[in-house]
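Subject: Structure for you to look at

Hello,

Here is the structure I said I would pass on. Please open it first, then read the notes below next to it.

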Amino acid sequence: MIQELQAKFIDLYSVTPRMFRSPGRINIIGEHTDYNDGFVLPAAIDKEIVFAVAPNTTGTFRFYAADLNDFGEFPDIVPQTDKKWANYLLGVVAQMQKKGFSVPSVDVVFGGNVPLGAGLSSSAALECGFAFALNAIFDFGFSTIDLVKMSQLTEHEFVGLRCGIMDQFAVMFGKKDSVVRLDCRSLEYQHFPFILNDYAIVLCNSNVKHELASSEYNVRRHEGEEGVRVLSSHYPEIRSLRDATLEQLECCKSELSEKSYMRCKYVIEENQRVLTACEAMLRGDVEMVGKMMYATHEGMSKLYEASCKEIDEMVDIARTSSAVVGSRIMGGGFGGCTISVVKKSAVEDFKQMMNEQYYKRYNTPSVIYDIVVSDGTNEIML
Ligand code: GLA
């Protein structure tokens, strides 16, 4: 892939580009906790987007999306465009310009193997990879956390998704063989070894594609904020759901809409589950991590209402196997992948069972990925 994209770039622009890679991410546990100031436990993976980038002297940004075979050319005062994929790149330029940096025009060829709309953060991979490349090529001196925040704002302002910081953080700060526990309020983080003993992670794609910007994602975020307004009128120390307890929520129940109550309950419980799962992982208790993941799925499906029937069935199928200790919907929801923790010795049987059962119900295969936990965004030294 790297050689192909580099060759394509040279073919199009007749100069040798610098090459960068930017990974997708998984999340062990902690969904929809990031924008509630809570905790998450993601890791970068070996599915990635590769970029070939070089400055040009045309005064226009020229982007070629190899997988879509689509080309876009944009002026250096970047507008939002109808070409959805280009907004992820243009938004990054706009963020740098907002910070007072003049961003010279570049040529870009990119492509990769992070499946789209699957909950593996292809969009964060795109934003972060381009932000990293511009910072490296023009020596802007942005810190990694600056690049993370600019990529997140790209999503807010150019894509229309009021996402939290987890995806961009995981993509940039990922480390081989490690998960990162991130406190989304203080941004303090800790890498710890991703050791699952006799177990492996398996991702199963339902092929129900989600497009979060047009989904209920922003609505969920809003419903949680509604809850915080009521909670903080009784308990002024509550600034976000991170600060609230279930007891406090119960006390305010009568003043909350049913939906808002359900969303808040899920988030408060999910935060606790992340902490429990982290402790369990540190002492090698993979079964407990799995138990928390099943509970997350229940919450995502019944309280947060961010699952879908195909994914619920995938988790039900996983539950029928004694080799699986945990399984749940992963990422923003409304489609995408499940993440399951499966006994290593039974992974092949599990994949076969999932494929057969899913096919029987939906007449379409689920696509299954083995993943390796990898480093975050970096330059490829050829
Ligand atoms: C999406 C968002 C993240 C996070 C997850 C849900 O991936 O980009 O910020 O909110 O959904 O955990």
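Leu187 sits in the loop that links strand 7 (178-183) to strand 8 (189-193). Helices and strands here are DSSP runs, numbered from the N terminus; a helix is H or I with at least four residues, and a strand is E with at least two. Leu187 is not a glycine, yet its phi is positive, near 65°. With a relative accessibility of 19%, Leu187 counts as buried, because buried means under 20% relative accessible area, while exposed means over 50% and partly exposed lies in between (1.4 Å probe, protein chains only).

This is a predicted model, in which local features need pLDDT of at least 70 and side-chain atom pairs count only at pLDDT 80 or more, while totals for chains, interfaces and linings use all residues. Residues are numbered from 1 along each chain as its sequence is written, and side-chain values use heavy atoms, with hydrogens and water left out.

Helix 2

Helix 2 covers residues 84-98. The expected span is 1.5 Å times one less than the number of residues. How much of helix 2 is buried? Twelve of the 15 residues are, so helix 2 is largely enclosed by the rest of the structure. Among them are Trp85, Tyr88, Leu89 and Met96. The cover over these buried residues includes strand 3 (42-55), strand 4 (60-65), strand 5 (70-75), strand 6 (106-112), helix 3 and helix 4 (144-159). Just after helix 2 comes Gly100, with a positive phi of about 90°.

Helix 3

Helix 3 (residues 122-138) contains Ala125. Ala125 counts as buried, at 0% relative accessibility. Leaving out residues up to four places away in sequence, Ala125 touches Ser22, Pro23, Gly24, Ile49, Phe51 and Val171; contact means heavy atoms within 4.5 Å. Ala125 and Ala170 are 45 residues apart in sequence, and their C-alpha atoms are 9.5 Å apart in space.

Helix 6

Val219 belongs to helix 6 (residues 217-234). Val219 is partly exposed, with a relative accessible area of 34%.

Helix 8

Glu270 is in helix 8 (residues 258-282). Is Glu270 buried or exposed? Glu270 is buried, at a relative accessible area of 0%. A polar atom of its side chain lies 2.9 Å from the backbone nitrogen of Glu31. The side chains of Glu270 and Arg273 are joined by a polar contact of 2.8 Å. A polar contact is a pair of N or O atoms within 3.5 Å; within protein, one must be able to donate a hydrogen and the other to accept it, and residues adjacent in sequence count only if both atoms are side-chain atoms. Apart from neighbours within four places in sequence, Glu270 is in contact with Ile29, Gly30, Glu31, Thr33 and Thr296.

Helix 9

Thr296, one of those contacts of Glu270, is found in helix 9. Thr296 also counts as buried, at 0% relative accessibility. Beyond four places in sequence, Thr296 touches Ile29, Tyr266, Glu270, Arg273 and Arg328.

Helix 9 (residues 286-303) has 18 residues and reaches 25 Å from its first C-alpha to its last, close to the 26 Å expected. Its buried residues include Val286, Met292, Tyr294, His297 and Leu303. The buried residues of helix 9 pack against strand 9 (199-205), helix 8, helix 10 (309-319), strand 10 (324-329) and strand 11 (337-343).

How does helix 9 lie against helix 10? The two pack at an angle of about 155°, with their axes 11 Å apart. Axes are lines fitted to C-alpha atoms, for helices over the stretch in contact, and angles run from 0 to 180 degrees between N-to-C directions. Helix 9 and helix 10 are therefore roughly antiparallel, since angles over 145 degrees count as roughly antiparallel, under 35 as roughly parallel, 65 to 115 as roughly perpendicular and the rest as oblique. The contact is made by Tyr294, His297, Glu298 and Ser301 of helix 9 and Ile311, Asp312, Val315, Ala318 and Arg319 of helix 10.

The loop between helix 9 and helix 10 holds Glu305. Glu305 is not a glycine but has a positive phi of about 50°. At 29% relative accessibility, Glu305 counts as partly exposed.

Regards
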